[in-house]
Structure formats: structure tokens, C-alpha cells
Amino acid sequence: NWDFLVILESDFVMNKANADRGADGTTPSDSGMTGEDFGVEKLNFGYNFGQFRVDTGWNTKCLDLKTGGILYGDDHPYIAFNGKINDSMGWEFIYLMIQDEIENKNGIFDGDSSDWRAYTFRFNIDLNDFTLAPIYAYSDNEDHDAQTHYLGFEGYGKFGAFVPRFEFIYATGDIDNGSSDLDISAFGAYASLEMEVCKQFKPYVGGYFMTGDEDGNDKDVDAFNGITNISRYSPTFGMENAMIYRYIPAIGSHLYSNNFATLGTSAGYGGIGNSSKADSPGMIMLGLGAKGAMGAWGYQAQVMYFLFEEEGALEKTKGSKIDNEVGTEVDLRVTYAFNEHFSLGNVISVFIPGDAVEDLRGDDYDDTAFLNTVE
């Protein structure tokens, strides 16, 4: 009843010492593997008790990856329990150790003040070809003195030729900023509809809505911060090498994410690396696209139009008016599968900045950006 997964990874920087000259290993700077990082990339050990199973390790876990991925998807240490009530209902509880740090304050070691834990519960209800899943998560973010409850649901499935996907997540809680608590009240939503006209042509349309903060100086936090946004791998608009998912500080997007949650000045209550801000502007995205396959060839083409949901807090910080139009992205991916194990692809991603970027960053930030990736 035991099973396990172990994936090793080695990343290293090639420089003169380790690639051209070799090294004698007498000093750290001449180790022969300067800048190396070798260790465990993914890990899971599990035991199946029959009615439920327990897993522990450091692997990717997700709460809402089948829809928009706005709440959580990442790899952190965990202990997970999951099981089935019957053929149509199942559950999963996960304890996540997102951040585990020991802080040294004047010789006194504190093992809690920099930690971040999350507790999640998901209940799956399978209705023939459609799944509805209520979701709850509690984020105990000691590093930012934030305690947040997330309540919501996601739904996905197939009705004939149509594939609808949707989710809604409400965040409530508080952030202790020293003098008084800031009250969190925010939400994020996603919806899309895909239609399988044929194998060669599957058009889709949809969008995101995440609330932003109007006033960074009041006691209300209206900006939605997920625990970790994982929209890069979502099934409809996800595309691994699309530009918006690659970390663009100028517009406030982070790796794997499609929102602008790193914009702002006040520490938030989530985001990859705890990077989201409490006074971030939120996001509205409207998009459409199509994907398909013709023999060994495959493609995905899409257009996404981005807006700030609420730029009030940014305007107060900057002291000037900021437009809400962030920009438009056009993505095209074409792949060729030589066999079931190997394919070669090319992704061209173009981002056309809107007036909001120029208002926020200055006149030099109005150029169209191009990203071309062979994968």
C-alpha cells in the first residue's frame, strides 16, 4: 500500500572556473560548481488505508487548477489526507508549510514570527460529467501578521460540445499593522466557456475579476491576494511561455501569475513569495482564443485584454491620475509532436502596454514587448 515519488534536480552556473579551467576545490569560489544547486525537486510518500490515504512530501498541490488557479497551486512541504465517501463524492485536507523560518532578534531565536502555514479543505461532488467543488482555506501568515479565511467553489465539466469552467473565492480576515487591524474583504472570480467544434478547432472565451484597493490609508483591505496564483497552468488561458506569466515587475505580475498584485506599498496577505500587496489594484481580464490539433501539429492562439479593477490606492501613492487600461497580450503557440514522448514548439507572445503603464512608470514604458520561446 506504499508508494513514493522522488525527482532530483541539478542547476548550476557555468563560468570560467568550472567550465573552462576546472577547479582544485580548495576555496568556495573555486569549487568547480560555483553557484550550484543540487537536491530534491519533488517528493511524495503515501500510504493507502483503503477508505482514505495519507501523503507527505514536497510536491505540487492545487486547490483550483481545473478552473482559473487564483487561490492556490504550488510546491511546498505538506501533510495531506484524502478519500472518497462514495463514487460521486470525495474530499482532501492539506496542511501546508509555505514558509518555515527562524528569526534571530538580538540573540533570541523566534521560530514562529516569520512562518506561514495554510490549512485547506476541498470537497468534490461529481455530477455525471460535471464537477462542483466547495473550497475552504485558512492562511496563518505570521510573517505579515495576517490571518485570512478563503471560502469559495469551482465548477468544471462537459455538456455535449461545451466545456464550462468557473470559480469564485471570497477572502476575509485581518492584517495587524501595529497600531490597529486592517479588515480584509475581497474576492476573485473566473469563468470561461470552450466549445469543441472539431478536433482541429476549439474556440473559447472568458475572463477574470479580482478586486483592488481604493484607498491604502483606510482600515479596509479590498485587494484580493490568493495564497499563490497558478493561472499559468490553468486549462483555458494557461500557456507556460506566455509573457504575462513570466514575471514582469513593470506591471506588477509575478511568476506563474496573471494579476498585478505586486503593485502597491503595503504588505499584503499572500502571493508567491508573500509578494502581494494589500493596496494592489486588482485585475479585470477579458479574453478569447482557439486551440486544436491536426495530426502531429498542435496550436493555441489567444488575445487577453487587461484592466486595473481599482486604481484609487495607486493614484493616492503616486499623486496623479492613472488610467485603468494595462494592455493587450497576443499569444501564439505551435507545436509538432515527433512521438508521444517528444515535441518541439515555438511560442510568440506580444504585449502592447496601455495608458496605465505609461501613467505608472513614465513615458519610456510605452514600447510593445516581444517574447519568443522555443520549447
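The model is predicted, so to speak of local features we need pLDDT of at least 70, and side-chain atom pairs count only at pLDDT 80 or more, while totals for chains, interfaces and linings use all residues. Residues are numbered from 1 along each chain as its sequence is written, and side-chain values use heavy atoms, leaving out hydrogens and water.

Rings of Phe, Tyr and Trp (its six-membered ring) pair if their centres lie within 6.5 Å; planes under 30 degrees apart are stacked, over 60 edge-to-face, and the rest tilted. That rule gives 21 aromatic pairs.

Let's start with Phe-4 and Phe-45, a stacked pair with 6.0 Å centre to centre and 20 degrees between the planes. Phe-4 sits in strand 1 (residues 2-11) and Phe-45 in strand 2 (residues 37-48), so the pair ties together parts 41 residues apart in sequence. Strands here are DSSP runs of E, at least two residues, and helices are runs of H or I, at least four, numbered from the N terminus.

Buried means under 20% relative accessible area, exposed over 50%, and partly exposed in between (1.4 Å probe, protein chains only).

Next come Phe-260 and Phe-308: their centres are 5.6 Å apart and their planes at 85 degrees, so this pair is edge-to-face. Both Phe-260 and Phe-308 are buried.

Finally, ring pairs join Phe-130, Phe-153, Phe-159, Phe-166, Phe-168, Phe-187 and Phe-209 into a cluster.
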